[in-house]
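Grab your viewer and work through the exercises below. Each one has a task, then a solution in steps.

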Amino acid sequence: MNCQVCNKREARIQVTELIVAESQPDSAAVPEQAATQRSLCMECATAGQLPVSVVKKAPLDIWKLLQQTAEKHRRDTQVECPDCGMTLGEFRAKGRLGCPRDYEIFREHLDPLLKRIHNAGGHVGRLPDVVPEEDPSEGLALPSSLEASQPAPVEPPQKPKPSPRAKLSSELEAAIASEDYERAAELRDRLSELDS
């Protein structure tokens with residue numbers, strides 16, 4: 001893509017400009033924003049006094065960075081649990097820990113992972129953010145906002161008994177699966193009697 005200013009050189013810089021529309025003074029609405037993008041070459045960007053920083057890395061610098069990253073990775077994967085013998089590399093491959101002590105051994109690697117997965121650093125539970133009122137004679141009590149809203153215990157619904165037709169159908173399927181064709185023919189006949 002060519003530069004949008006000079007139309008000669010290759011564009012290497014993307015500039016995004018945010019334009020905020022002024023709102024009416026009596027309006028409480030959020031001001032509208034529009035974004036425009038321009039592609040510029042280095043010469044036009046510096047001529048337009050845009051802050052341009054060029055970072056040139058020598059191959060030797062990149063090689064050192066790769067070596068440091070590889071060394072850190074080697075050190076991290078060699079951490080081993082003394083109880084179960086699991087290494088960090090094995091945990092990353094399996095996705096499961098081997099024993100309870102692994103939580104302590106791999107803590108510095110697990111904390112960021114758990115925070116990313118759960119969006120929290122600790123368990124908060126399912127209750128709302130209400131401080132429970134405590135009665136020293138009764139121990140811990142429910143928050144007052146929850147006491148009135150506790151539903152009465154409900155008995156689980158009874159499973160309806162299968163109809164004779166459903167029972168015969170399931171027996172027929174079982175007979176076919178076990179290749180008991182005589183029994184299957186008998187059950188088929190009984191089903192056709194029910195249907196008529």
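**Exercise 1. Work out what the salt bridge of Arg-101 and Asp-83 ties together in this predicted model.**

Step 1: Check the pairing. The side chains of Arg-101 and Asp-83 meet at 3.4 Å, N to O, and the cut-off for a salt bridge is 4 Å.

Step 2: Arg-101 sits in the loop between helix H3 (88-94) and helix H4 (102-105), while Asp-83 is in the loop between H2 and H3, so the pair ties together parts that are 18 residues apart in sequence.

Step 3: Arg-101 is partly exposed, because its relative accessible area is 32%. Asp-83 reaches 54%, so this one counts as exposed.

**Exercise 2. Find which helices the salt bridge of Asp-195 and Arg-165 joins.**

Step 1: Start with the distance. The side chains of Asp-195 and Arg-165 come to 3.1 Å, N to O.

Step 2: Assign the elements. Asp-195 belongs to helix H8 and Arg-165 to helix H7 (residues 164-177), so parts 30 residues apart in sequence get tied together. Arg-165 is partly exposed, at 39% relative accessible area.

Step 3: Look for shared partners. The structure holds 8 salt bridges.

**Exercise 3. Decide whether Glu-10 and Arg-12 are exposed or partly exposed.**

Step 1: Confirm that they pair. Glu-10 forms a salt bridge with Arg-12, with the closest N and O atoms 3.7 Å apart.

Step 2: Apply the cut-off: exposed means over 50% relative accessible area. Glu-10 has 48%, so it counts as partly exposed. Arg-12 has 63%, so it counts as exposed.

**Exercise 4. Describe the surroundings of Cys-3 and the core that includes this residue.**

Step 1: Locate Cys-3. This residue is in the segment before S1, and it is buried because its relative accessible area is 0%.

Step 2: List contacts, skipping neighbours within four places in sequence. Cys-3 touches Arg-9, Glu-10, Ala-11, Ser-39, Leu-40, Cys-41 and Cys-44. Cys-3 and Ser-39 are 36 residues apart in sequence, yet their C-alpha atoms are 5.6 Å apart.

Step 3: Turn to Cys-44. With the neighbours within four places left out, Cys-44 is in contact with Cys-3, Val-5, Cys-6 and Arg-9.

Step 4: The largest nonpolar core has 8 residues: Cys-3, Cys-6, Ile-13, Val-15, Leu-40, Cys-41, Cys-44 and Ala-45. Strand S1 (13-20) and helix H1 (42-47) each supply at least two residues of this core. A second, separate core of 6 residues includes Leu-168, Leu-172, Ala-175 and Leu-191.

**Exercise 5. Identify the nonpolar surface patch that includes Ile-62.**

Step 1: Find the members. Leu-60, Ile-62, Trp-63 and Leu-66 make a patch of about 440 Å².

Step 2: Zoom in on Ile-62. This residue lies in helix H2 (residues 59-77), and it is partly exposed because its relative accessible area is 41%.

Methods. Residues numbered from 1 in each chain as written. Predicted model: local features only at pLDDT ≥ 70, side-chain atom pairs only at ≥ 80, totals over all residues. Heavy atoms only, no water. Patch = residues over 30% accessible without salt bridge, like charges linked within 9 Å, V, L, I, M, F, W, Y side chains within 5 Å. Areas by Shrake-Rupley, 256 points an atom, 1.4 Å probe, with all protein chains shown as cover. Helix = DSSP H or I, 4+ residues; strand = E, 2+ residues; numbered from the N terminus. Buried < 20%, exposed > 50% of the residue type's maximum accessible area, 1.4 Å probe, protein only. Core = buried A, V, L, I, M, F, W, Y, C linked by side-chain atoms within 4.5 Å. Contact = heavy atoms within 4.5 Å.
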